[in-house]
Amino acid sequence: MNILHIGKPGNMERFSAPDSLLYSSDAIDMPSRLTDEEYASAAPDTEHIIVDAITPVSAELIAAFPRLKSIHSEGVAYNRIDVEAASGRGICVCHSRGMNASAVAEQTVLLMSGMLKNIVLNDAAVRNGSQISVKESYMQRGDLMELADCSVGLVGFGNIAEATAHLLKAYGVSEIFYYKRHRLSSEREAALGISFRPLSELLSVSDIVSLHCPVTRETEKMADAAFFGKMKDGAYFVNTARGELVDDTALADALRSGKLKMAGLDTLNNEPVTVDNYLLSQSDIRDRLLLSPHIGGITASSFRRSYRMIWEDIKTVSEGGIPSRAVNLGSL
């Protein structure tokens with residue numbers, strides 16, 4: 001079995017179990033950002049590609065491997081893989097659904113709580129000697145909030161949003177709304193302690209809105225001016241999903257106008273993020289952004305779970321089956 005890994009060198013060895021298929025396969029480990037020609041010439045007999053979630057797998061690269069049977073994302077996202085080209089050749093495209101649900105949920109709640117407590121400015125206050133004046137100003141205004149004071153709207157409701165809802169319940173959040181195309185059963189809603197709302201209504205009643213959607217033609221830049229315009233004045237916005245879901249200009253305008261109080265973002269458009277990124281270049285909203293470097297889903301435990309899924313799915317494909325985690329089931 002010939003495996004090509006494209007991504008962080010050493011991930012296969014680092015996160016695969018000792019009894020995994022890795023150790024009975026011919027595996028080639030290559031970094032991201034090489035050319036299609038470099039990958040194709042180094043591993044012409046590739047049968048299975050394992051790729052990190054932000055590296056493209058183009059139609060041209062797929063065509064370069066005549067023996068290719070499957071492409072597996074190391075993460076949950078698969079929007080950088082040309083699924084249509086793969087499906088046209090009967091190649092199975094899989095993702096590691098659920099591998100990072102608990103990790104990203106933790107990051108989501110961290111950003112929510114971090115915004116409510118304004119941790120960046122408060123950290124700076126202690127470091128620059130103004131600790132007591134900042135503390136006294138909070139006490140005088142009486143405007144510090146707890147998560148339990150907030151209603152939270154989850155846009156999209158898969159594994160990550162469900163794990164987020166569980167954590168929010170532990171924090172005492174009593175109003176958790178969700179929106180997805182196909183509503184859950186009333187029994188499932190009751191068990192999770194969540195309430196369905198159409199998207200426009202969810203935006204209008206939530207103190208915190210958090211995105212949990214994949215990137216598709218329908219969801220790209222879904223968080224646009226109309227989206228933010230429907231949110232409560234002074235609400236908080238969280239994105240631990242994908243930067244492509246957000247219209248950056250609209251987000252900046254919503255923060256600038258005060259429509260949004262803050263945004264907590266674990267992911268931005270055009271990653272890897274550089275210093276000239278649009279949002280980073282808007283100096284007047286700098287204090288309204290709480291950022292983390294897209295680390296929500298990259299815990300060691302997440303990757304160990306991912307590689308268990310990857311080797312299970314590759315085994316299934318090699319035996320002539322179609323894994324349940326295939327994203328192109330209907331095209332194979």
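Mentor: Pro272 is found in the loop that runs between strands S11 and S12; helices (H or I, at least four residues) and strands (E, at least two) are DSSP runs, numbered from the N terminus. The peptide bond joining Glu271 and Pro272 is cis, with omega at about 5°. The model is predicted, so local features need pLDDT of at least 70 and side-chain atom pairs count only at pLDDT 80 or more, while totals for chains, interfaces and linings use all residues. Residues are numbered from 1 along each chain as its sequence is written, and side-chain values use heavy atoms, with hydrogens and water left out.

Apart from neighbours within four places in sequence, Ser292 is in contact with Gln107, Leu111, Leu265, Asp266 and Thr267, contact meaning heavy atoms within 4.5 Å. With Asp266, the side chain of Ser292 also forms a polar contact of 2.6 Å. Such a contact is a pair of N or O atoms within 3.5 Å; within protein, one must be able to donate a hydrogen and the other to accept it, and residues adjacent in sequence count only if both atoms are side-chain atoms.

Strands S11 (260-265) and S12 also receive helix H12: the buried residues of H12 pack against both strands, as well as against helix H11 (225-229) and strand S10 (235-239). Those buried residues of H12 (residues 248-257) are Asp248, Ala250, Leu251, Ala252, Ala254 and Leu255. At the N-terminal end, H12 is capped by Asp247, a side-chain oxygen of which lies 3.1 Å from the backbone nitrogen of Thr249. After H12 comes Gly258, with a positive phi near 90°.

In soluble globular proteins, nonpolar side chains tend to be buried together. A nonpolar core is a set of buried Ala, Val, Leu, Ile, Met, Phe, Trp, Tyr and Cys residues joined through side-chain atoms within 4.5 Å. Here the largest one has 30 residues, and Phe227, Phe228, Met231, Phe237, Leu251 and Leu260 have the most contacts inside it. At least two residues of this core come from each of H10, S9, H11, S10, H12 and S11, and H12 gives the most, with five residues. Phe227 touches Leu199, Leu203, Val209, Leu211, Met222 and Phe237, leaving out residues up to four places away in sequence. A second, separate core has 24 residues, including Met112, Met115, Leu168 and Ile208.

Between H10 (199-205) and S9 (208-211), the loop holds Asp207, which is buried because its relative accessibility is 18%. The side chain of Asp207 makes a polar contact of 2.7 Å with that of Lys232 and reaches the backbone nitrogen of Ser151 at 2.8 Å. Further along, the loop between S9 and H11 contains Lys221, which has a positive phi of about 55° although it is not a glycine. Lys221 is partly exposed, at a relative accessible area of 46%.

Definitions and conventions: Buried < 20%, exposed > 50% of the residue type's maximum accessible area, 1.4 Å probe, protein only.
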